[in-house]
Amino acid sequence: MFDSGNTGFMIICAMLVLLMTPGLAFFYGGLSRRKNVVNTMIMCFAVLGIVAITWTLFGWSFAYGGDNSIPFFGGFDQIGLFGLVGNMTSEATSALSHDSYPALVDVFFQMAFCMITTAIITGAVAGRMKFGAVCAFVACWTILVYPPLAHMVWGGDGSFIGDTIGALDFAGGDVVHISSGLTGLVLAFILGRRKGFGLMSYRPHNVPFVALGATLLWFGWFGFNGGSQFGADGVAALAVLNTVVASGAGLATWMVVERIRNGKPTLVGAATGLVAGLVAITPAAGFVEPWAAVLMGIIVAPICYFAISVLKAKIGYDDALDAFGCHTVGGIVGGLLTGIFCVPELSWTDFGGLIYTGDPSLLVSQFLGIVVTICFVAVADVIFGFIIKALFKGDLRVAEEEEALGLDVAAHGESAYPAYVGLD
């Protein structure tokens with residue numbers, strides 16, 4: 001018999017995660033240039049539509065179908081979600097390893113995860129990638145890259161990263177953040193730099209949009225991390241509490257770093273520090289004590305700040321809205337710190353964190369899980385990136401004149417801030 005409390009809890013968590021993608025649209029939109037804000041935001045909205053289709057038809061089955069006999073892939077048995085409604089009405093199925101709510105709730109929850117993960121990628125290519133190419137890549141990526149990775153990490157018994165390697169990822173350090181930011185970086189290299197990159201200043205055009213987007217992301221993240229316990233219990237409460245304190249610590253530390261380095265803290269910096277703290281706690285949310293969550297927020301903020309403000313310039317890659325510097329770097333930091341701070345009794349494996357056990361086994365597993373994630377995603381991204389590039393006549397970029405004009409008008413025929421002459 002399904003539990004109405006847990007069912008309601010998971011539906012609300014799924015709705016909160018779904019809110020994160022429109023929230024990201026505001027966050028990215030505020031960070032973008034004035035002439036590209038519509039294009040930046042519509043890429044996030046396009047993800048909502050594309051993933052709704054690809055996850056229903058293929059993604060869920062490829063991630064969580066099958067009988068766990070393949071460590072890298074789910075199965076073909078639930079393509080199109082055929083049979084799930086019948087199983088629900090007969091109460092014969094469960095959601096992953098749980099039996100307190102219908103599997104259909106978990107389909108919705110995991111679909112929202114796929115949406116926000118994929119939307120993060122778009123920040124790296126803002127201002128220069130053909131909209132059709134973005135849509136084509138998203139469709140491909142959400143069928144053939146994200147679902148297998150989700151299976152490797154969260155597929156249960158027999159999964160390669162989660163079971164064989166024994167790496168812990170409570171809510172998506174590997175699956176969501178490392179994969180999305182790294183994909184953005186690969187596409188940024190394939191695309192090349194924006195015109196004028198390194199020669200002119202790219203400033204956020206709408207700081208209140210950034211703050212609004214960060215707030216929506218923060219609010220949605222409570223469902224993101226809390227719902228990853230798949231039940232309304234003490235671990236879910238711990239995950240939510242850790243989400244608050246880690247993000248707060250990241251925000252405060254980022255402001256301190258800005259004050260020391262630049263003399264002034266900024267609202268954009270505070271919002272970015274908030275997100276960095278959220279990213280770092282994601283793989284550890286249900287595994288660590290609150291004091292450790294505070295330390296994780298304090299540690300991740302200066303590292304992500306360095307990646308965005310120093311490393312990016314030294315390497316010279318053009319990740320337009322810093323998807324890699326915040327999400328991949330923050331996800332790696334969070335994953336490794338999970339191997340240090342994980343409470344043994346809360347671990348999904350036989351190993352706890354280094355400071356509790358003195359045993360580096362979990363830390364090694366965390367490192368190996370990150371390495372496998374990076375290798376799989378990077379290779380797949382390069383392959384599919386060049387396939388999509390070939391399909392678009394060998395060029396993923398918009399024309400130079402379109403880039404100069406701005407993609408709002410060039411690609412969509414509308415402006416976020418039209419200058420009206422006369423009456424509307």
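Select Tyr 64 to begin. This residue is buried, because its relative accessible area is 11%. Here, buried means under 20% relative accessible area, exposed means over 50%, and partly exposed lies in between (1.4 Å probe, protein chains only).

Before moving on, note what is on screen. This is a predicted model, in which local features need pLDDT of at least 70 and side-chain atom pairs count only at pLDDT 80 or more, while totals for chains, interfaces and linings use all residues. Residues are numbered from 1 along each chain as its sequence is written, and side-chain values use heavy atoms, with hydrogens and water left out.

**Stop 1: rings**

Show the aromatic side chains. How many aromatic pairs does the structure hold? There are 24. One of them joins Trp 55 and Tyr 64, with 6.5 Å between centres and 70 degrees between planes, an edge-to-face pair. Rings of Phe, Tyr and Trp (its six-membered ring) pair if their centres lie within 6.5 Å; planes under 30 degrees apart are stacked, over 60 edge-to-face, and the rest tilted. Trp 55 is buried too, at 0% relative accessibility.

Now select Phe 58 and Phe 62. Their pair is tilted, at 5.9 Å centre to centre and 35 degrees between the planes. Both sit in helix 2, four residues apart, so about one helical turn separates them. Helices (H or I, at least four residues) and strands (E, at least two) are DSSP runs, numbered from the N terminus. Phe 58 is partly exposed at 31% relative accessibility, but Phe 62 is buried at 8%.

Next, select Phe 109, Phe 113, Trp 154, Trp 221, Phe 224 and Phe 230. Ring pairs link these residues into a cluster.

**Stop 2: two positive phi angles**

Stay on Phe 230. Its phi is positive, about 60 degrees, although Phe 230 is not a glycine. Most residues other than glycine have a negative phi. Phe 230 lies in the loop between helix 9 and helix 10 (234-262). It is buried, with a relative accessible area of 14%.

Jump to Leu 81. Leu 81 also has a positive phi, near 60 degrees. Look for it in the loop between helix 2 (37-64) and helix 3 (84-90). Leu 81 is buried, at 16% relative accessible area.

**Stop 3: a charged network**

Select Arg 128, Arg 194 and Asp 318. Salt bridges link them in a network. A salt bridge is a side-chain nitrogen of Lys or Arg within 4 Å of a carboxyl oxygen of Asp or Glu. Side chains of opposite charge can pair when their charged atoms come close.

Start with Asp 318 and Arg 128, whose side chains meet at 4.0 Å, N to O. This pair links distant parts of the chain, 190 residues apart: Asp 318 is in the loop between helix 12 and helix 13 (323-341), and Arg 128 is in the loop between helix 4 (103-122) and helix 5 (131-144). Are these two residues buried or exposed? Both are buried.

Turn to Asp 318 and Arg 194. Their closest N and O atoms are 2.7 Å apart. Arg 194 is in the loop between helix 8 (173-191) and helix 9 (207-226), so this bridge ties together parts 124 residues apart in sequence. Arg 194 is buried, at 11% relative accessibility.

The whole structure has five salt bridges. Select Glu 403 and Arg 397 for another: the closest N and O atoms are 2.7 Å apart. Glu 403 and Arg 397 are both buried.

**Stop 4: inside helix 15**

Select Thr 373, in helix 15 (residues 361-391). It is buried, at 0% relative accessibility. What does Thr 373 contact, leaving aside its neighbours within four places in sequence? The partners are Leu 149, Ile 161, Asp 174 and Ile 178. Contact means heavy atoms within 4.5 Å.

**Stop 5: out to the surface**

Show the surface. Select Trp 291, Val 294, Leu 295, Ile 298, Ile 299, Ile 303, Ile 355 and Tyr 356. They form a nonpolar patch with about 620 Å² of accessible area together. Patches are made of residues with over 30% relative accessible area and no salt bridge: like charges are joined within 9 Å, nonpolar side chains (Val, Leu, Ile, Met, Phe, Trp, Tyr) within 5 Å. Accessible areas come from the Shrake-Rupley method with a 1.4 Å probe; for residues, only the protein chains shown count as cover. Helix 12 gives the largest share of the patch, six residues. Ile 355 lies in helix 14 and is partly exposed, at 45%.

**Last stop: zoom out**

View the whole chain. It has 17 helices and zero strands. Of its 424 residues, 56% count as buried. The C-alpha trace spans about 65 × 50 × 45 Å along its principal axes.
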